[in-house]
Amino acid sequence: MSTLTVDVVVRAGETQVAAAFWAAPGITVLSGPSGAGKSLTLAAVAGLLRPVAGRIELDGTVLAAPAAGVHVPTQQRRVGVVFQDGLLLPHRSVLDNVALAVRTGSRAERREQARAWLARVDAAGLADARPTRLSGGERQRVALARALAGAPRLLLLDEPLSALDAPTRSRLRRLVRDLVDETGVIALFVSHDATEVDELADRIVRYEPGRTVATEERQARGSR
Amino acid sequence: MLASVAGIGLGYLLAKGRFPGRGVLEAVASLPIVLPPTVLGYYLLVTLGARSPLGRAWEQVVGSPLVFTAGGAVVAASISALPFVLRTARAAIESVDPRLEQSARAAGLSEWRVAAQVTLPLARRGLVAGVALGFARALGDFGATVMVAGNIPGRTQTMPIAVYDAVQAGDDERAALLALVLGVVAVLVLVAVNRLSRSAV
């Protein structure tokens, strides 16, 4: 079974966090007050920030270890990332946005795969739309499709639902759950929403400002 | 053209790059703004002239000297336009949301593709504005051009130099016409640049 091990110190400006936990396929929620360093941890796992100490390992491969000078570039880490506001490229169509993230195949095949992913997140009808025209929920569906289109080993979700209204949030929670179960990906989900934590977490990593304090395993819950 | 490619390239480098000598490079690239154009032209003449290593290399490859030719006029005008393109391009590139570039990186795009498919397209309005500004500046350059390329009617005489010539020769009609053309182009470019930078927000 694939495993992500994180034991790092990450710093950006004034904020510093010491994070230590491991994650397996399923959803690991990083939970705690804002400013605790959850997003910093995620950025380090994605390779967008270099940790100042420690190491990040995925299935025995070191992704980052500053002491040994190891830093695998983001592009080679096979991660899918969804931020709070989706961050779709505003100058490309929805389909292009997803197709850009597909890593293999001809141009036509990549577009075909992108269409399949859009269909999977119930956004097939949006393929030709401009990202700026989408509602918040639609945007996050597309962002999920883009994140998964590259067949990532890690799915990194940074408060992906926090900008949405309650009914949309609830629908997308179910979608995230299903997508993670189908793909068997290791998902890290940053959240400070109690419902999200309760409904989604297979494992909870608790943060206090500046560090992780505990990891709780949650027993396999029945079907929702 | 020369200034566009060099300016956007350097602009990207200066906006993104963190390397030793960055400050020096930026200062050198901005020199044409503050140097008197004739001084700039003088240094170009020294660097590119028939007796300099660069000038000699050019002559060997192309077969004719660079200075006092139309090519020389292009180089001189481009150098004086470079900082305008560079600064506008750099500002445009820096105004692109870095998180968009990060999410493109996470999606597996190489640094080249991030630049070509994310950063530059998103900065395009600013880039076009910079090029337009540089074009107007290059069109209007007098001092540097006259030093490097001379003033040979029909070959290296640019419009601003022709205006000067016409006034000296007492040909007021010709001077007025040329000045009008240059003035209109300058105003058009400014209007275009303002439009672009306003709607870019």
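Modeller: The account below goes from the chain to the packed pair. This is a predicted model, in which local features need pLDDT of at least 70, side-chain atom pairs count only at pLDDT 80 or more, and totals for chains, interfaces and linings use all residues. Residues are numbered from 1 along each chain as its sequence is written, chains are lettered from A and ligands numbered from 1 in the order in which they are written, and side-chain values use heavy atoms, with hydrogens and water left out.

Chain B has 11 helices and zero strands; helices (H or I, at least four residues) and strands (E, at least two) are DSSP runs, numbered from the N terminus. Of the 201 residues in chain B, 38% are buried, that is, under 20% relative accessible area with a 1.4 Å probe, protein chains only.

Within chain B, helix 6 (residues 98-106) packs against helix 7 (residues 111-122) at an angle of about 145 degrees, the axes lying 10 Å apart. Axes are lines fitted to C-alpha atoms over the stretch in contact, and angles run from 0 to 180 degrees between N-to-C directions. From helix 6 of chain B, B:Leu100, B:Glu101, B:Ala104 and B:Arg105 meet B:Glu111, B:Val114, B:Val118, B:Thr119 and B:Leu122 of helix 7 of chain B, where contact means heavy atoms within 4.5 Å. By class, this contact of helix 6 with helix 7 of chain B comprises five nonpolar, one polar and three charged residues; Ala, Val, Leu, Ile, Met, Phe, Trp, Tyr, Cys and Pro count as nonpolar, Asp, Glu, Lys and Arg as charged, and the others, Gly among them, as polar. Across chain B, residues 24 or more positions apart account for 63% of the contacts with a separation of 6 or more.

Note on methods
Buried means under 20% relative accessible area, exposed over 50%, partly exposed in between (1.4 Å probe, protein chains only).
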